[in-house]
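Please view the sequence and the structure before reading on.

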Amino acid sequence: MLPEKASINGKEYAINYVYVNSRIAKAIVKDGNNILIKMPKSYFWPQKIKTAKILIEKVARRLEIDPYWGIFTYPKFYDGQKISILGREYLLKIGKGVKRSSCKMYENSILIRLKESDEIEKKKVRLIRRCLSRHMLKELEERVKKINNEHFGFEIKEVRISYAIGRWGSCNALKKAIRINMLTLMAPLEVIDYVIVHELAHLKEPNHSDKFWSIVKEACPDYKERSRWLKENGRKLNAIGYF
């Protein structure tokens, strides 16, 4: 029987399951009181039980390091904020009172204009993602292709800038598509490159097996240090990473 509850650090968590077409099982804390496990539909029952126990143990270890891990809030972008994107610094300017919300990117600044009625934080995220997709996607594509050509040589049909709660990046091996979270682009360049390597490796190995990590290590020998940076500093980027 699949676990329905877990006691971690003296706190009870309800465990919910979602069955997906993905070949990768994932777990994350949601709303501070629930553990959501995404389980591949293709898993047989014994494999589901074993995977659930492994993921719950990983979540427990993560919560021991950071008790607030899994409590999601939208990124807090504010007027006058300095943000780094692909290693370059931009000044964020935010104004209100327009008829239509918009976001424009200039050489050293990003200008957001908001309607008063918009859901502010959520809208800012959407606007910035669209802005980066318009102005920075080509540079990201070139970076992904460069890393792929140097280490892998896989076929890539699509690279996109996304905003998915809980993921630094994602890979669709069937569609040969790589997606990088917009917040990942605000990390140091070596960390961005690690996330790219991580997702490219999934084109060959869909899970996080020993074989997968050996592929990552061959392309990025210090991947553990770069991954640690995300775990220790990811909250500053307001993103939460899946296991």
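Visitor: Is R143 buried, partly exposed or exposed?
Guide: Buried means under 20% relative accessible area and exposed over 50%, with partly exposed in between (1.4 Å probe, protein chains only). The relative accessible area of R143 is 25%, so the residue is partly exposed.

Visitor: On what basis are such values given?
Guide: This is a predicted model, in which local features need pLDDT of at least 70 and side-chain atom pairs count only at pLDDT 80 or more, while totals for chains, interfaces and linings use all residues. Residues are numbered from 1 along each chain as its sequence is written, and side-chain values use heavy atoms, leaving out hydrogens and water.

Visitor: Which residue's side chain forms a polar contact of 2.7 Å with that of R143?
Guide: R143 lies in helix 3 (residues 137–151); helices are DSSP runs of H or I with at least four residues, numbered from the N terminus. Not counting residues up to four places away in sequence, R143 touches L86, L189, D193 and I196, where contact means heavy atoms within 4.5 Å. A polar contact is a pair of N or O atoms within 3.5 Å; within protein, one must be able to donate a hydrogen and the other to accept it, and residues adjacent in sequence count only if both atoms are side-chain atoms. The partner at 2.7 Å is D193.

Terms used: Helix = DSSP H or I, 4+ residues; strand = E, 2+ residues; numbered from the N terminus.
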